[in-house]
Amino acid sequence: MTNKEIVTRLYGVLTPYRSKLVIAMVGMVIVAGFNAAQAYMVKPLLDEIFVNKDKVLLNILPLALLAIFLVKGVFYFIYSYLLEWVGQCVIRDLRNRIYSHLNRLSLSFFHHTPTGELISRIVNDVTLLQGAVSHALIRILRDFVSVIGLLVVIFIMDWRLACMSMIFLPMAAAPIIIFGKKFRRVSTTYQKSVGEATNILHETIGGTRIVKAFCMEKQEEKRFAAQIQHLFDTLMKETKYRCLSHPMIEFMGGVGIALIIWFGGMQVLKGTSTMGSFMSFLAALIMLYEPVKGVSKINSTIQSGLAAATRIFELLDVPLEIVEKPDAIVLPPFHDTITFKDVSFSYEKNEPVLHRINLRIHRGEILAVVGPSGGGKTTLANLLPRFHDVDEGTLQVDGHDVRDLTLHSLRSQLALVTQQTILFNDTVRSNIAYGSRDCTEEDIHRAADAAFALDFIEQLPDGFGTVIGESGARLSGGQRQRISIARAILKDAPILVLDEATSALDTESERKVQKALENLMQNRTTLVIAHRLSTIKNADRIIVMQAGHLVEEGTHDQLLQAHGVYEGLHKMQYAD
Ligand SMILES: Nc1ncnc2c1ncn2[C@@H]1O[C@H](COP(=O)(O)OP(=O)(O)O)[C@@H](O)[C@H]1O
Ligand SMILES: [Mg+2]
């Protein structure tokens, strides 16, 4: 992304706050104008009061100065407050935009991008951009206006000297350009590094049990330390450039000012200029020099802000794979069939995971999907809520292609229970009611009861109000699973997808969960993926998936008689 593109897009983000920005800029121009006026007042001070001994002016000038400071102060408050406000608004808007974009991105994006890196973009990159927007850009604007005002003063006072200083001023800016590119590069490395460090934190804190169990603390510490060292090195590089650029700019400026003092002083001695003009000129020049020096300081902030903006816009530009058509229709309550017609799907190009699947699921049916792991069962189930889109063929619900439906109407008719329970660090009550907006306390109790979860929930210290820890860490596997079943029961969706919902459980809790699932399956259309064949004994029909192909289909007895893959799986599980 070029600077121009980034600035254009940032400008787009600023658009809603344009009127506030204009007010701020007017305030800024006024403040900068008064800055110039202060420099200008050095001339009457010296020439009229000290040289010509004008007493009246001596009474007026200090009062005028007070008035200038007062007005300047008021406008300073107005513009700096407004600019900070706009900067913070932009940051708030960007954070919300990134988060809502993330919520819409497809699953495959998350399979490719580490969570820690995404968190780092919302937290760190946006903060860096905030630095650039609310401090650096603002100062640049203010300094630019000040520079113009002060330039006017120096040209009025002595145009020849002014022309001379025009040669030195740009020279002082040379290091800014030289270091700019370096700042930008270092900053990109730094942000990437922060992303990786965040990711290590996210993974190892989340996986702390495995880290401990495999005695990997030392290795993880080394991995983290290496990343932090990299961060340190990068930061020190930036510090080196920043510390170098400041004295270099100051020295260049110093050379200029030294020459000007010499030439200007000569002119005053020769009598071609007054002391007042010269001092006023010098005051303006020194004041002029401040903003130029400032530019070098904020240059690094701006460069890292631009690098951060690039990363933020890149993320916002990741296309949404699963999008609703503009004329998407609302799926009426499910009443007939789900149809897979010649469905093929691949995660990576040219490596199909599903090959021309043909399948019909009728209303009220319990369809079991079995087969060796990696056969494509989960992938098949994930097509239903449109977590992925088919590559070829069609997937229809009641004759509507799922791609023609609104995502909300499709997904609200599905309840999903997976092997990996997803619970939030909230109360039992909120976890069960997740996604069911208008439910009463009674509904929640009834769902918990049907999920065989009421007993253990009532034994928790605060019952339904107990906070269950991150991912439900304070519950057992079976308890977690029953809470997620209660959630599905409460959602009361006509179509149910159970993806190895009991595989992670011991026999005792499996029996309870199995009963809970039977309650859940009543009067619903169910796609049940199971590892253990015992859990699918009440299925109406069974399909066998192997290496992405639907290889067998029928009832338990039919499949046993077919002497195929199913019989093999059956024999293996009941060997003893
Ligand atoms: N996000 C993914 N990206 C790439 N390949 C994947 C992804 N998820 C699953 N696969 C591959 O797709 C195949 C089917 O996986 P899956 O549907 O999970 O099988 P099952 O649920 O039957 O065990 C496997 O070979 C797996 O490696
Ligand atoms: Mg699976």
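Reply: Happy to! A nonpolar core, as used here, is a set of buried Ala, Val, Leu, Ile, Met, Phe, Trp, Tyr and Cys residues joined through side-chain atoms within 4.5 Å, where buried means under 20% relative accessible area. Please keep in mind that this is a predicted model.

In general, nonpolar side chains tend to be buried together in soluble globular proteins.

Once residues up to four places away in sequence are set aside, I536 touches A368, V370, V528, A530, I542 and Y566.

Next, what surrounds ligand 1? The residues around ligand 1 are H111, Y347, E348, V353, S373, G374, G375, G376, K377, T378 and T379. Helix α11, residues 377-383, supplies the largest share of that shell, with three residues. A nitrogen atom of ligand 1 sits 2.7 Å from an N or O atom in the side chain of H111. An oxygen atom of the ligand is 2.8 Å from a polar backbone atom of K377, and an oxygen atom of the ligand is 2.7 Å from an N or O atom in the side chain of T378. On its own, ligand 1 has 560 Å² of accessible area, and the protein covers 63% of that.

A loop residue is worth a stop too. S273 lies in the loop between α9 (217-270) and α10 (275-317). Is S273 buried or exposed? Its relative accessibility is 15%, so S273 counts as buried, the cut-off being under 20%. Leaving out neighbours within four places in sequence, S273 is in contact with D158, Q267, V268 and F278.

Finally, a word on the cysteines. A search of the whole structure turns up zero disulfides. C215 has a relative accessible area of 58% and is therefore exposed, while C243, at 49%, is partly exposed.

Conventions:
Residues are numbered from 1 along each chain as its sequence is written. Chains are lettered from A and ligands numbered from 1 in the order in which they are written. This is a predicted model: local features need pLDDT of at least 70, side-chain atom pairs count only at pLDDT 80 or more; totals for chains, interfaces and linings use all residues. Side-chain values use heavy atoms; hydrogens and water are left out. Contact means heavy atoms within 4.5 Å. Helices (H or I, at least four residues) and strands (E, at least two) are DSSP runs, numbered from the N terminus. Buried means under 20% relative accessible area, exposed over 50%, partly exposed in between (1.4 Å probe, protein chains only). A disulfide is a pair of cysteine sulfur atoms within 2.5 Å. A residue is near a molecule or strand if one of its heavy atoms lies within 4 Å of it. A polar contact is a pair of N or O atoms within 3.5 Å; within protein, one must be able to donate a hydrogen and the other to accept it, and residues adjacent in sequence count only if both atoms are side-chain atoms. Accessible areas come from the Shrake-Rupley method with a 1.4 Å probe; for residues, only the protein chains shown count as cover.
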